[in-house]
Every structure is written in C-alpha cells, then in structure tokens.
Amino acid sequence: AVPVAIVSGISRAAKTGILVKGGKALEIMARVCALVIDKTGTLTHGEARVTHVQSLSSLSADELLRIAASLDQASKHIIARALVQEAQQRDLPLALPTDVVETPGEGLTGRVDGMSVIVGGRTFVATRTPGAKEALARSKHPSGAVTVAVAVDGRIAGILVLADELRSGTAHLLRDLRAEGVERIVLATGDRPDVAQAVTAGLPLDAIHSELTPENKIAVVKAEKPHGPVMMVGDGVNDAPALAAADLGVAMGAKGAAASAEAADVVLLVDRLDRLLLGIRIARRSRGIAL
Ligand code: ADP
Ligand code: MG
C-alpha cells in the first residue's frame, strides 16, 4: 500500500498545479541534486514576439512572414506560434502547407503556394540551402536575439528576429533552488550559444550547453547523474527524450507539447516555474512525515 504521507503529498502538490505521477516520482523529487533546464518556453515565458522581419530577397517583409508563418502553422513550437500570431495580427492570408517535415527543435521543410520553403534555426536552414551561410552572415540582427531563417525555392529569403524574455523572478528562483540543495543547475538548449548567453545573463548557472539535438540533451542529463538524482525540465517535443532519461522529468504542461507531458514524471499544469521549488518542498515534507 502507498503510505498516507505520499498520497497526501501528491494531493497537496496537485492543489498547486503540480501533477506528480506516483509515489516514486515524489520520493525522487525530495532528493534532486542537479537541475537540467531548457531555455525556450521553460526559462523564458513562452510568449515570444516577432520584433523584426528582414527580407534578404525580392520578397516584401510581409510576404516573407506570410510564407514562413504558413509553414509554421504545422508546428507547435513556441517560435512557430509567434510567427503565426504576428502574421494574423498583420492580417496576412496564410496558406495551408503541404509535404511538411518537422525536425523538432530545429525547423521545418514543406511547400507553401507551390514554393518549397524551409523555416528554422540559421544552422538548420543553412545546411539545406546553398549560399545561405554567407547571406545570413551579411544580414544585420542584434547578437543574442532569437532568430529564424527562411529559405524559398532553394535560396535564402530572409530572417525574422524575435524577443523571448526570461520569466520574471528566475534568478531568485534558481538561487532558492540551490539553497534547497540543488547543487548543479545547467542549461540545455537547442538554440545558439550567443542567444543562450544573452538570455541567461545574470543567472546562477554552472554550465550552458547550446545547439543541442534531442539526443544531445539526453547526454547532458546523463553527465549530471554522478551528482545525484537529476531533474530535467522542458516544454518541447525536442525535450521528451531527455525528460524520459532524467531521474525526474518535469514538463511545462500548460503551454508545452503533449509529447513532453507524456514523457515526464511530473507535469506543471500551471505555467509557473516556481512550482519546481514548491514541488521539492512538498516532496521533502511528505518524506519527512513518511520516515
Ligand atoms: P530550446 O531547446 O531552448 O527550447 P529550441 O531547440 O526549441 O530551443 O529552439 C531553438 C531554435 O530553433 C529557435 O530559436 C529557432 O531558431 C529554431 N526553431 C526550432 N523550431 C522551430 C520552428 N518550428 N520554426 C521556426 N524556428 C524553429
Ligand atoms: Mg523549449
């Protein structure tokens, strides 16, 4: 039988929007030593906004955005949703994309209005588009900003710049987690190193790992295991393998992908990162009672 203290701990957690999938997860949460955390949608609040649209072709800025957003309708990624939202705000008529192939955390390929389109991170687009690297290097965008590159019919078409800010109180939260016994806090992001550095400036992080594939995120989790139980927190489809590999996978459930919630041991049903600290405290208390 499951001890009463565990049951009451799980129900206390549930009341604050923390879904703990069983007694073992609660028990591990009480002992977390290392935190591996995703950037986009986890450390940041997941409400990215398009701040600049730069055409690097004969397309107008609006047409560039319309094409990119049309393809990105097929993705649940936060960046994709920001593009679609901006296009809708500008009243741009989105087309239904076809032949869509998504590489989670990197970008998409597909067809829009008969054109072949690639939308994603600069590396993703550059490796699929001859001459793109040079064109993108010439483009002007603030270093450290989230960017999305767009290629149309095999040529670079432009770049979109987005703002994606940290959740407020994040530095404070990470310090509190350390005080609560989380000795190691490391960032694991699919984004570029300059963006990762700029966004996380001032946060008490032990390491920043960038340009990670979903498999690379697993390796980062495994590398922290000698320190003790590893909690991995993420929101995206690209985080699901790492969530499953961690001792305790925590999914941002309110806006995150269903795949990450499924792979996780704990799902945050409210879009608040401070539930990590609250969850650990609840877990510690229920263990204290159980012992
Ligand atoms: P994180 O791992 O920090 O959550 P991601 O790996 O999800 O970050 O995203 C990193 C970058 O990949 C984004 O900043 C963006 O440039 C690009 N990207 C990923 N998915 C998409 C998409 N669906 N549409 C456009 N860009 C994307
Ligand atoms: Mg993410």
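Colleague: Why does ligand 1 lie between domain 1 and domain 2?

Modeller: Domain bounds come from an automatic or database domain assignment. In this predicted model, domain 1 (4-45 + 166-290) and domain 2 (49-163) each contribute residues to the shell around ligand 1, so the ligand lies between them. Residues are numbered from 1 along each chain as its sequence is written, while chains are lettered from A and ligands numbered from 1 in the order in which they are written. As the model is predicted, local features need pLDDT of at least 70 and side-chain atom pairs count only at pLDDT 80 or more, whereas totals for chains, interfaces and linings use all residues.

Colleague: Which residues come nearest to ligand 1?

Modeller: A residue is near a molecule or strand if its C-beta atom, placed from the backbone, lies within 6 Å of it. There are 24 residues around ligand 1, and Lys-39, Thr-40, Gly-105, Thr-189 and Gly-190 come nearest. Helices (H or I, at least four residues) and strands (E, at least two) are DSSP runs, numbered from the N terminus. Two or more residues of the shell come from each of helix 3 (39-43), helix 5 (78-89), strand 5 (107-112), strand 6 (115-120) and strand 7 (146-152).

Colleague: How do the residues of that shell divide into nonpolar, polar and charged?

Modeller: By convention, Ala, Val, Leu, Ile, Met, Phe, Trp, Tyr, Cys and Pro count as nonpolar, Asp, Glu, Lys and Arg as charged, and the others, Gly among them, as polar. The shell around ligand 1 has 6 nonpolar, 13 polar and 5 charged residues.

Colleague: How many residues does the contact between the domains take from each?

Modeller: Two residues are in contact if their C-beta atoms, placed from the backbone, lie within 7 Å. The C-alpha centres of domain 1 and domain 2 lie 30 Å apart. The contact takes 14 residues from domain 1 and 12 residues from domain 2. On the side of domain 1 that touches domain 2, helix 3 and helix 9 (193-200) are the elements that give two or more residues. Helix 9 gives the most to that side, with 4 residues. That side of domain 1 divides into 5 nonpolar, 6 polar and 3 charged residues.

Colleague: In what order do the strands of the 7-stranded open sheet stand?

Modeller: That order is 1-13-12-11-2-9-10, and the pairing is mixed. Strand 1 (18-20) and strand 10 (207-209) stand at the edges, each with a single partner strand, so one side of each is left without a neighbour in the sheet. Strand 1 pairs with strand 13 (residues 266-268) in the antiparallel sense over 3 bridges, and Ile-18 stands opposite Leu-268 in strand 13.

Colleague: What is the mean pLDDT of the protein chain?

Modeller: pLDDT is the predictor's confidence in each residue, from 0 to 100. The protein chain has a mean pLDDT of 95, and 98% of its residues reach 70 or more.

Methods:
Pairing = 2+ DSSP bridges.
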